Amino acid sequence: MLDPVRARRYAVSAALVLIVALGILWGVGHRASAENPPPARTPPAVPITSVLVRAQDVPLYRIGVGTVVAAQSVTVKPRIDGQLEKVAFTEGQDVKAGQLLVQIDPRTLQAQLMQARAQKDRDEAQLANARADLQRYLQLIGDDAATQQQVDTQKALVAQLEAAVKTDAAQINFAEVQLGFTTITAPISGRVGARLVDPGNIVHATDTGGLLVINQIDPISIAFTLPEDVVQEINGAQRTSHEPLAVVAYPRTGDKPLGTGRLILLNNQIDTSTGTVQLKGSFPNPAHALWPGQYVNVRLMVGKRDQALTVPAAVVQRSQDGTFAYVVNDDRTVRSQPLVVAQIQDGIAVIDKGLAAGERVVLDGQYKLKPGVSVVESAGAQAGRPAAPEASK
């Protein structure tokens, strides 16, 4: 048996040997780990939605704010005094030109017409007698049975009665015209507004309010304004276009067109107080989508950009260095591509410089991107991707 001292020494020596062996093993393993490090973890691809850059014809237009106005508006007023006998229309009714609207009591004017006709009949009878006397005087003067003075006097009487008959004819014509004013017909086709006078009332030619108002609403017009700096552009477009410039009307809160018409007026002067020019478009309006007094947004088409490079407006990003877009490379990484944007309209950006047709650009998911990052098309992107804009016809 070993004594206790030798036993302790033996245990210490064994522990030292074990520690040295463990140290050697750790050093060898650490060296091997340093010489062959584990492969680095690749970050996951960022899900995105992408679209292709398209080449298409893009319409160019100018936007203004306008008011719908009747193509024609007539306030119907009486032209004679009298009692309103009959109203032959219904409020809000569509009427045709020449349709009966109002009848004023005609009896007084009918009596005046009869009196004028009777006066003419009397003067015509007197004229016939005077002419017969003149013929007799002419025969008598040939037989020296009448004097030249009698002949001249009779000629003057005939001329006087002829003038009287002409006056009577004019009085008859005047009375017939006045009688015609008792029947009021529609001067234009359009829609009748509220009735302003009820039957039984006495109306006067001097009344300011009128009897009713007719507005022509098919076709209808829109008056709008644009900045003065577009005048030369519009003039140039009118000179080169074989047809009137197209005008499209939209509601104030919506993007569905209310109607498409044509430009009929570019005013002949600029309003110096506002720096704008007034324009007017004419619109067919069979469905009455446009209504007088309605405020609308107006787009005046002044041309088109042929085969312009276009992307959805959401593709265009902005930084302190300007506008750019993320372009998807062939290896499914992205790069930041500076852009020159010509215009953005209807959610479509027209690109002057920086992209080529057929390149794929990121539409959604840009906030997670930086140059060199790998990307993958997000699930459902194909179904949810907005349709590429079609070329304008």
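Analyst: **Charged pairs and their setting**

Arg305 and Asp352 are joined by a salt bridge, with their closest N and O atoms 3.4 Å apart. This pair links distant parts of the chain, since Arg305 belongs to strand 13 (residues 295-312) and Asp352 to strand 18 (residues 348-353), 47 residues apart. A salt bridge here is a side-chain nitrogen of Lys or Arg within 4 Å of a carboxyl oxygen of Asp or Glu. Helices (H or I, at least four residues) and strands (E, at least two) are DSSP runs, numbered from the N terminus.

The model is a predicted one, in which local features need pLDDT of at least 70 and side-chain atom pairs count only at pLDDT 80 or more, while totals for chains, interfaces and linings use all residues. Residues are numbered from 1 along each chain as its sequence is written, and side-chain values use heavy atoms, with hydrogens and water left out.

Both partners of this pair are partly exposed: Arg305 has a relative accessible area of 30%, and Asp352 has one of 49%. Partly exposed lies between buried (under 20% relative accessible area) and exposed (over 50%), using a 1.4 Å probe and protein chains only.

Side chains of opposite charge can pair when their charged atoms come close. Across the whole structure, the search finds twelve salt bridges. One of them joins the side chains of Arg117 and Glu176, at 3.1 Å from N to O. Arg117 is in helix 2 (residues 107-142) and Glu176 in helix 3 (residues 148-180), 59 residues apart, and the pair thus links distant parts of the chain. Arg117 is partly exposed at 40% relative accessibility, as is Glu176 at 36%.

A further salt bridge brings together Arg131 and Glu162, at 2.7 Å from N to O. Because Arg131 lies in helix 2 and Glu162 in helix 3, the pair ties together parts that are 31 residues apart in sequence. Arg131 is partly exposed at 40%, and Glu162 is partly exposed at 31%.

Another charged side chain, that of Arg299, lies over the face of Tyr250, at 4.6 Å from the ring centre. For this label, NZ of Lys or CZ of Arg must be within 6 Å of the ring centre and within 35 degrees of the ring normal.

The side chain of Ser189 reaches the backbone nitrogen of Ala97 at 3.0 Å. Leaving aside residues up to four places away in sequence, Ser189 touches Val95, Lys96, Ala97 and Gln216, where contact means heavy atoms within 4.5 Å.

The wider setting remains. The protein has five helices and 20 strands, and 32% of its 393 residues count as buried. Among contacts between residues at least 6 apart in sequence, 76% join residues at least 24 apart. The accessible surface comes to about 24,100 Å², of which 53% belongs to carbon and sulfur atoms; such areas come from the Shrake-Rupley method with a 1.4 Å probe, and for residues only the protein chains shown count as cover.

Definitions and conventions
Polar contact = N/O pair within 3.5 Å; in protein donor to acceptor, adjacent residues only side chain to side chain.
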